[in-house]
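Here's a quick tour of the model you're about to open.

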Amino acid sequence: MVYKREDGRKLTQTRDMEAKVGIIPNAIGSAMFRIGKTIAYATVYGPRELYPRFLQDPSKGILRCNYNMMPFASSGERSRPGPNRRAKEISLITEKALAPVIDLSKFPNAVVDVFVELPQCDAGSRCAGICAASMALADAGIAMKDLVAAVAVGRVEDQILVDLNYIEDSYEGGTDLPLAIIPSTGQITLLQMDGVMTKEQLKKAFDLATVTCKQIYEIQKAALKNKFGVQAQ
Amino acid sequence: MKNHIIKLLNQGIRLDGRKLEEFRQPLTVEKGSFPQAEGSARVKIGNTDVIVGIKLETMVPYPDQPGQGSIMVGAELLPMASPDFESGPPSTDSIELARVVDRGIRESGALDFKKLCITEGEKVWMITIDIVPVNADGNLFDAASLGAIAALQDVKFPVIDDNGKIDYKHKTNKGLPLNKVPIEVTVYKIGKDFLIDPSRDEEKFVDARLTIATLEDGTVSAFQKGGNDALTQEEIFNAIDIAVAKGKELRKLL
Amino acid sequence: MTQGILVKPKEVVVPGEILASGLDNLPGYGTYRNGENIHAGMLGLTSVEGRTIKLIPLAGKYIPKQGDVILAKVFDVTFSGWRAEINSAYSAMLSLKEGTTDFVERGADLTKYYTFEDYIVARITNVTSQNLVDLTMRGPGLRKLHEGRIISITSCKVPRVIGKKGSMVSMIKKATDCQITVGQNGWIWLAGKDASKEAIAEKTIKLIESKAHTSGLTEKVKNFLEKETGIKLEVEESE
């Protein structure tokens, strides 16, 4: 019995996506990225002076990311406000996903703060956060080689599929692989996996993620240009 | 700079050309902005943008109120919303915001807590209202409290089985009707002038503020005074008049 | 793949976008070469100069430059001078010597010259490799600001607010009867006798900021000002 997605999507099809840039005027750069019901806001403040002093790097600025779910964001119970272990880990991998494209050499001793906040989570939140964060960094005028796009691929039974929803994410015996990719080079900046995959399955998953991330890049690009009243081709 | 703002106020006008008792536009209230939560709303006043989300849980009722549920109001001033907000434990500002919004709802008679009872003495609903400013450009009190009322009006109870297990993925059609609609309006004093709805730039120079909750019939249901300056009785009663009139304006948007 | 420059001038491009292909072109400011292609290295507006393709930034905090005249906000008074914010990643230092020509006694109260929250028009005399910034108040037009309001725009839009030979800011001054001092760091001082005209001047500057990347800006601004103030304006130079 071949696994069929309960929401009717094809294996290679993501949920509906939407992106907007410049939505939070107080921030230097900001963006919203939605995939299905998952909505991520990202705001950028900085470069600004970094305190405490001992964190400063005299050779370049540092990137500091903070991921947080709003208390009412979960599809289940309310989550207590404040940092938890999962959020701390996601904050770290978000920063690592973005670091390879960012150039902060002109800002020694300074920090660029990225805040990823989710008002609604329905699977795929860390990837949505990275998509929003990279748009927000571009919107902030930060020097970047490229944007970063991210999506979760995975395996349910023996089907390789993209953008796992909540059911697929928690499927017994399945695999969840969040991936972030630099669109122009195909290099991978975020790679995590929960579950078991053969090499062939991995290759299929990586290829599927690469194709999808290129689609996401087009949406991110259009959102950035749209802020200036430009319709992308 | 403060002298300049006061000079303008003496001319009856603000930095952005508004009159002293004018709300910024656009002023919008959107209900159900985040449908996954049990209730939600989003209020925008000018560039101030506040999300309010409501989650429902069950709990054992307090021994002195065995047939009544409860509410709790929280607020987070996240760094996303302003360069002035820092990460970390709740600041006194965020605590004051939460408690002022709470004060405007709890004692007003808006909610019938008995309607939150599931099984007397055993299980009742607890409503948690979480306020999250997304862009803080002044006057968070009014935006947050309006959002809280709108979110309460948006609430739909989730399905709950006989064992008391909540199925958050499915909602019933049952809502939470409000007996009264309290609206909080904050009146701010700069120098000798009173105004409403300051922007972040104006708020820096506020000497005193008075948040007043009023009901449809013009009765007052909550007060909170802030700021370092004192107020005369006359000033307070003038502020109440403003709050009633402006409250009517806001109530129409719900 | 087609060779040469692949984008039009004054096009909005995002990081990673391919701007030119082949080895004939040179990567200018804000761009970089990766193999055959030149890519955008930031959110910017394309500009072609001969064989070089570069980007004009559309966003970003002010990067202090020696010689720039800026607005600064005093936030600290020390024994040897004052420290000020300059809308940048770094703060700036105004030494006693550069702050006043008076002879100041040791331990004197420096707040009588400049104190907390004062705004000043200053010039950057030096920026070190670690981005420490030195200011001076000695020079024409450099002064403490009184009255008026301060508005903040993205520093890369400042040239559009000033206009060719100051034509844009002059037009706003004339139409709204306001004094305007534009800092290179994106902070702008505005003071008028009429509060509603001041508000119009601020709206106009914000309009320029949002449309800085478009053409026909002078015309748009002229129409906006005429509509808001009812005053007929003459445009000296079109951009």
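A residue counts as buried here if 20 or more other C-beta atoms lie within 10 Å of its own, and as exposed if 12 or fewer do. By that cut-off B:N139 is buried, because it has 25 other C-beta atoms within 10 Å. Keep in mind that this is a predicted model.

- You'll find B:N139 in the loop between β6 and α3 of chain B.
- Chain C has a positive phi in a residue other than glycine too: for C:E117 the value is near 75°. C:E117 sits in the loop between α1 (96-99) and β12 of chain C.
- Is C:E117 buried or exposed? C:E117 counts as exposed, because it has 11 C-beta neighbours inside 10 Å.
- A cis peptide bond links A:G46 to A:P47, with omega at about 5°. A:P47 belongs to strand β3 of chain A.
- Another cis bond joins A:Y51 and A:P52, and here omega is again about 5°. A:P52 lies in the loop between β3 and β4 of chain A.
- For context, most residues other than glycine have a negative phi, and most peptide bonds are trans.

**The sheet in chain A and its helices**

- Chain A has an open sheet of 5 strands in the order β1-β2-β3-β5-β4, and the pairing is mixed. At the edges are β1 (17-21) and β4 (62-69) of chain A, each pairing on one side only. From one strand to the next, the twist averages 15°.
- Inside that order, β3 (residues 38-49) and β5 (residues 110-120) of chain A run antiparallel to each other, paired over 8 bridges.
- Helix α1 (residues 85-98) of chain A lies across β4 and β5 of chain A, at about 140° to β4(A).
- Which strands does helix α2 (residues 125-139) of chain A lie across? Helix α2 of chain A lies across β1, β2 (29-35), β3, β4 and β5 of chain A, running at about 150° to β2(A).

**The nonpolar core**

- The largest nonpolar core has 205 residues, and A:A132 and A:M135 have the most contacts inside it.
- Leaving aside neighbours within four places in sequence, A:A132 touches A:A31, A:M32, A:F33, A:A40, A:Y41, A:A42 and A:V116.

- Helix α3 (residues 140-154) of chain B has 15 residues and reaches 20 Å from its first C-alpha to its last, close to the 21 Å expected at 1.5 Å a residue.
- Helix α3(B) is largely enclosed by the rest of the structure, because 14 of its 15 residues are buried.
- Helix α2 (residues 92-106) of chain B has 15 residues that should span 21 Å at 1.5 Å a residue, which agrees with the 20 Å between its end C-alpha atoms.
- The buried residues of α2(B) are B:S94, B:L97, B:A98, B:V100, B:V101, B:D102, B:R103, B:G104 and B:I105.
- Cover for those buried residues of α2(B) includes β4 (70-75), β6, α3, β9 (183-190), β11 (208-214) and β12 (220-227) of chain B.

**Strand pairing in chain C**

- Strand β9 (residues 69-77) of chain C runs antiparallel to strand β12 (residues 119-127) of chain C, joined by 5 bridges. Across that pairing, C:L71 stands opposite C:V121 in β12(C).
- β9(C) also pairs in the antiparallel sense with strand β10 (residues 81-85) of chain C, over 4 bridges. In this case C:D76 stands opposite C:R83 in β10(C).
- β9(C) and β10(C) make a hairpin, with 3 residues between them.

**Where the chains meet**

- The contact between chains A and B takes 22 residues from chain A and 28 residues from chain B. On the chain B side, β3 (48-59), β6 (123-135) and β8 (166-175) each supply at least two residues. That side of chain B divides into 13 nonpolar, 9 polar and 6 charged residues.
- The contact between chains A and C takes 28 residues from chain A and 21 residues from chain C. The side of chain C that touches chain A has 12 nonpolar, 8 polar and 1 charged residues.

Definitions and conventions
Residues are numbered from 1 along each chain as its sequence is written. Chains are lettered from A and ligands numbered from 1 in the order in which they are written. This is a predicted model: local features need pLDDT of at least 70, side-chain atom pairs count only at pLDDT 80 or more; totals for chains, interfaces and linings use all residues. Two residues are in contact if their C-beta atoms, placed from the backbone, lie within 7 Å. Ala, Val, Leu, Ile, Met, Phe, Trp, Tyr, Cys and Pro count as nonpolar, Asp, Glu, Lys and Arg as charged, and the others, Gly among them, as polar. Two strands pair if DSSP finds at least two bridges between them. Axes are lines fitted to C-alpha atoms, for helices over the stretch in contact, and angles run from 0 to 180 degrees between N-to-C directions. The expected span of a helix is 1.5 Å times one less than its number of residues. A nonpolar core is a set of buried Ala, Val, Leu, Ile, Met, Phe, Trp, Tyr and Cys residues joined through C-beta atoms within 7 Å.
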